Amino acid sequence: MKLATTILLAATAVSASISAFEDNYLDVLSFDQSIVYLGDDATQKDVHTLSKWSWNDCGGNDDALKLTKIDVSPDPPQSGRNLTIDAAGIVNRYIAEGAYADVSVKLGYITLYHTRFDLCKEAHDADAQIQCPVEAGERAITQNVELPSHIPPAAYTLQVRANTVDDTPLACLNFRLSFLPFLSVFD
């Protein structure tokens, strides 16, 4: 559930917030391997680079969830198409109802969208394969998310900071997503 919900929330938050954002701000572009992105999060620990998106686990070793894999199809994600997310990870300790995630979508230093999600409620509403409560152990999930047809062309940073009901760290994830059409030259 946490794994599924955190990933599902990340994708849902990106799609919801990006579709709500109508202005096209472009700041200083930074080049990182084959990704062009905007963002103030300089953490480069465990960056998993793909063609137009990347993710990294910014959490500590004692987090309740450690993701080991996130794959998406289509890769790269495309506006107006369904996105299938395959994720796997290890739940290190029991996760009870009440776990939550703070999600921010940024364009450069500008926060476009910030919200707090009840992870268990989101998993239930999305009919996710993993539901609360979640016992410790290895978990895997496949979830489909519908991306909006109009996502302004830009590179976004998505930050997910999830905590258990007792406010201990559950997971910390950073995503970089590019919907800039000129990046196809790097594929």
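Buried here means under 20% relative accessible area. The model shown in every view is predicted.

**View 1. The disulfide of Cys 58 and Cys 172.**
The sulfur atoms of Cys 58 and Cys 172 lie 1.8 Å apart and form a disulfide. Both partners, Cys 58 and Cys 172, are buried. The torsion about their S-S bond is about -90 degrees, so this disulfide is left-handed. Distant parts of the chain are linked here: Cys 58 sits in the loop between β4 and β5, and Cys 172 in strand β11, 114 residues apart.

**View 2. The disulfide of Cys 120 and Cys 132.**
Cys 120 and Cys 132 are joined with an S to S distance of 1.9 Å. This link is left-handed, with -75 degrees about the S-S bond. Cys 120 has a relative accessible area of 4%, so the residue is buried. Cys 132, at 14%, is buried as well. The structure holds two disulfides. Counting bonded cysteines along the chain, their pattern is 1-4, 2-3.

**View 3. The largest nonpolar core.**
This core has 38 residues. Ile 70, Leu 170 and Phe 175 touch the most other members. Elements that give two or more residues include β4 (53-57), β5 (65-73), α2 (119-125) and β11 (169-178). The top contributor is β11, with five residues.

**View 4. The salt bridge of Asp 57 and Lys 66.**
The closest N and O atoms of Asp 57 and Lys 66 are 3.1 Å apart. Asp 57 has 7% relative accessibility, so the residue counts as buried. Lys 66 also counts as buried, at 18%. The model has four salt bridges in its count.

**View 5. The salt bridge of Arg 116 and Asp 102.**
The side chains of Arg 116 and Asp 102 meet at 2.7 Å, N to O. Arg 116 comes from strand β8 (residues 110-118) and Asp 102 from strand β7, 14 residues apart. Asp 102 is buried, at 17%.

**View 6. The salt bridge of Lys 121 and Asp 125.**
The side chains of Lys 121 and Asp 125 meet at 2.6 Å, N to O. The two residues are four apart in helix α2, so about one helical turn separates Lys 121 from Asp 125. Lys 121 is partly exposed, with a relative accessible area of 47%. Asp 125 counts as partly exposed too, at 48%.

Methods: Residues are numbered from 1 along each chain as its sequence is written. This is a predicted model: local features need pLDDT of at least 70, side-chain atom pairs count only at pLDDT 80 or more; totals for chains, interfaces and linings use all residues. Side-chain values use heavy atoms; hydrogens and water are left out. A nonpolar core is a set of buried Ala, Val, Leu, Ile, Met, Phe, Trp, Tyr and Cys residues joined through side-chain atoms within 4.5 Å. Buried means under 20% relative accessible area, exposed over 50%, partly exposed in between (1.4 Å probe, protein chains only). A disulfide is a pair of cysteine sulfur atoms within 2.5 Å.
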